Amino acid sequence: MAVIESIKFDDRTPDRLNELKYGKNWPVVYILNNDREAYIGETINAVVRSSQHLKTKERKKLKHLNLISDDDFNRSVILDLEAFLINYMSADGKYKLQNSNMGVHLHDYYERDKYEKTFDGIWRQLRERQLIANSIHYIENTDTFKYSPYKALNLDQYRVVDAIIQDLVDIKNTNKQFTSIIDGGAGTGKTVLAIYLMKLLSEAGDDIVVMDTEIDPGLHYIAHNLSKLKPMKIGLVVPMQSLRFTVKKVFGSIKGLKRNMVLSPYDVVKTEEPYDLLIVDEAHRLQQRKALSNYTTFDKNNEKLGFDQSGTQLDWILKCSKNQIFFYDSMQSVKPSDVKRQRFYQMKEQENTNVYCLMSQFRCRGGNSYIKYIKELLSDHPPRTARSIENYEFRLFEDVDYMVKVIRSKDKEHGLCRVVAGYSWKWLSKKTKNRNDIFIDGYEYRWNSVNKDWVNSENAINEIGCIHTVQGYDLNYAGVIFGNEIKYDPQTKSIFIDKKNYFDLQGKTSLEDEGALKNYIINIYLTLLTRGIKGTYVYACDKNLRNYLKKFIPLYQNCNL
């Protein structure tokens, strides 16, 4: 069983550690802290490591050292435990971490599952000592955890970080500029990687102490390149208001990041000096001058930057920054106001554009096989036979209210479970607060009462969220209602769109043809179907569509709630 020993952190700490059983020549994890800040590390010699930290200005602010040791610890275990504690303690909120986020990697090793079970016990001990405030279950449902810059990278993400740091070093030496487009489908970790890069690059030029780069030659190379960079004027552009509001809250809780680093496309235009680098998350939601609710401000920004009415928010980003990184998924463009995908395709062909791909699925436990399956279900070429999705609850309901009740039951058990729907009903409650909006088979429901951070709002479990409230967010379980705007024709054996039942006014105006509207609506449902981490439940208002889906999605087995 792991033991935690606490001592003062001052000039006598090396001597105190020398007297402890595992103070030297044994793999340990340690936490340095004062009342507000903490640092988490690992070492095979705590005596030597504490001496190194005492020479560092930031570390000398810390007053206590907590040594975590165990007879069964080895180097692989402490690397894993260190990454675990950094990830969870950064989201716990009791302390702001002094750690750089560089080098928090996934480590696989013999009997990892057995060792990881002991981490829960260590967490309980830390909570008893009041070094942390919250349970693991609570933390895992927080935005600070989901969007933490301390996430361990997978190989895809690691390669992108390595390449981008190298790009920045190259332009520093050549005085050139670059654009990167990072393609990634829903759930491939685009937002997490964007925030990771913001944290990493915000420290460029700082005196960052990275003790153990020798364990990873790639990490040593990144650290070496990062040290060549000077402080930069950088910003994270998030086009969607709801997600931007959430990310701002996260930035306010992370040492080295500030809320004003998170920008809308309109904020970018206000700069007097161009940004050295803008990172754009959900770049597919940047707007063009089409189907907007407010043309006046849009036109003023175009005029200020020297564009005519054909200027787009993509043009604003390019004009107001020297270098750009766009996180992009053409399948998540859901409105005619979104910049056309052709613009991004053209950018990819330019000489100064680097294109990278994220392939691994982070969000849905069903993995890439689930993503491929739902794309086929909503395409003109459906699967030939039904497939089972391992480790994922993908179920169809024949009673919408029963699905709503199951989601509410799941929310009590897991937290962060929501019902969402296509825009097939007018938003009546926007003007009349107590009025219901959604009517299905004698049941009545209400649209989301707030736009900002609806997923975490107090009454969200009793409401139905639209695409604009959940794009970019993770849920544990999502209940998805296919509205009357999407139907199935048994004669042609194809899905079609009933335009008169689609009520997102900005979502259907100025469209060139019916095919464009169908593409947007299909993208909306693909986005809704990829919110759930543990499972996705489906109900279709159109009976023919429900019968079609029944061939490919197993029915939920009734149980007593």
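**The largest pocket**

Begin with the largest pocket of this predicted model, which holds about 1400 Å³ of space. Residues are numbered from 1 along each chain as its sequence is written. In this predicted model, local features need pLDDT of at least 70 and side-chain atom pairs count only at pLDDT 80 or more, while totals for chains, interfaces and linings use all residues; side-chain values use heavy atoms, with hydrogens and water left out.

A pocket is defined on a 1 Å grid over the protein atoms alone, as an open set of points where a 1.4 Å probe fits, with protein on both sides within 12 Å along at least five of seven lines; lining residues have an atom within 4 Å of a point. Grid points are joined across faces, edges and corners, and the volume is the space filled by probe spheres set on the points.

Select Asn87, Tyr88, Phe145, Lys151 and Phe362, which lie nearest the centre of the largest pocket among its 44 lining residues. Next, colour the elements that each give two or more residues to this lining: α3 (75-92), α4 (112-128), α5 (136-140), α6 (143-146), α8 (190-202) and β20 (532-540). Helices (H or I, at least four residues) and strands (E, at least two) are DSSP runs, numbered from the N terminus.

Colouring by class divides the lining of the largest pocket into 15 nonpolar, 14 polar and 15 charged residues. Here Ala, Val, Leu, Ile, Met, Phe, Trp, Tyr, Cys and Pro count as nonpolar, Asp, Glu, Lys and Arg as charged, and the others, Gly among them, as polar.

**The second largest pocket**

Move to the second largest pocket, with a volume of about 1100 Å³. Select Gln287, Ser293, Lys335, His468 and Gln506, the closest to its centre of the 32 residues that line it. The elements giving two or more residues to the lining of the second largest pocket are α10, α11 (265-269) and α18 (505-508). Which element gives the most to this lining? Helix α10 does, with three residues. By class, the lining of the second largest pocket has 13 nonpolar, 13 polar and six charged residues.

**Salt bridges**

A salt bridge is a side-chain nitrogen of Lys or Arg within 4 Å of a carboxyl oxygen of Asp or Glu. The whole structure has 25 of them.

Select glutamate 58 and lysine 255, whose closest N and O atoms are 3.6 Å apart in a salt bridge. The pair links distant parts of the chain, 197 residues apart: glutamate 58 is in the loop between α2 (46-53) and β4 (64-69), and lysine 255 is in the loop between α10 (241-251) and β8 (262-263). Glutamate 58 is partly exposed at 26% relative accessibility, and lysine 255 is partly exposed at 24%. In these terms, buried means under 20% relative accessible area, exposed over 50%, and partly exposed in between (1.4 Å probe, protein chains only).

Continue to aspartate 380 and lysine 518, a salt bridge with closest N and O atoms 3.4 Å apart. Aspartate 380 sits in the loop between α15 (367-377) and β12 (393-396), whereas lysine 518 belongs to helix α19 (residues 514-528), 138 residues apart. Aspartate 380 is exposed, at 55% relative accessibility.

**Two residues with positive phi**

Glutamate 111, in the loop between β5 (96-97) and α4, has a positive phi near 60 degrees although it is a residue other than glycine. Its salt bridge with lysine 114 brings the closest N and O atoms to 3.0 Å. Both partners are partly exposed, glutamate 111 with a relative accessible area of 34% and lysine 114 with 45%.

Asparagine 25, also not a glycine, has a positive phi of about 55 degrees. Look for asparagine 25 in the loop between α1 (13-18) and β2 (28-33), where it is exposed at 58% relative accessibility.

**Two buried residues**

Is aspartate 453 buried or exposed? Aspartate 453 is buried, with a relative accessible area of 5%, and is found in the loop between β15 (443-445) and β16 (464-465). Its side chain makes a polar contact with the side chain of asparagine 456 at 2.7 Å. A polar contact is a pair of N or O atoms within 3.5 Å; within protein, one must be able to donate a hydrogen and the other to accept it, and residues adjacent in sequence count only if both atoms are side-chain atoms.

Finish at isoleucine 279 in strand β9 (residues 275-280), a buried residue with a relative accessible area of 0%. Beyond its neighbours within four places in sequence, isoleucine 279 is in contact (heavy atoms within 4.5 Å) with residues including Ala194, Leu197, Met198 and Phe327. Isoleucine 279 and methionine 198 are 81 residues apart in sequence and 7.9 Å apart in space, C-alpha to C-alpha.
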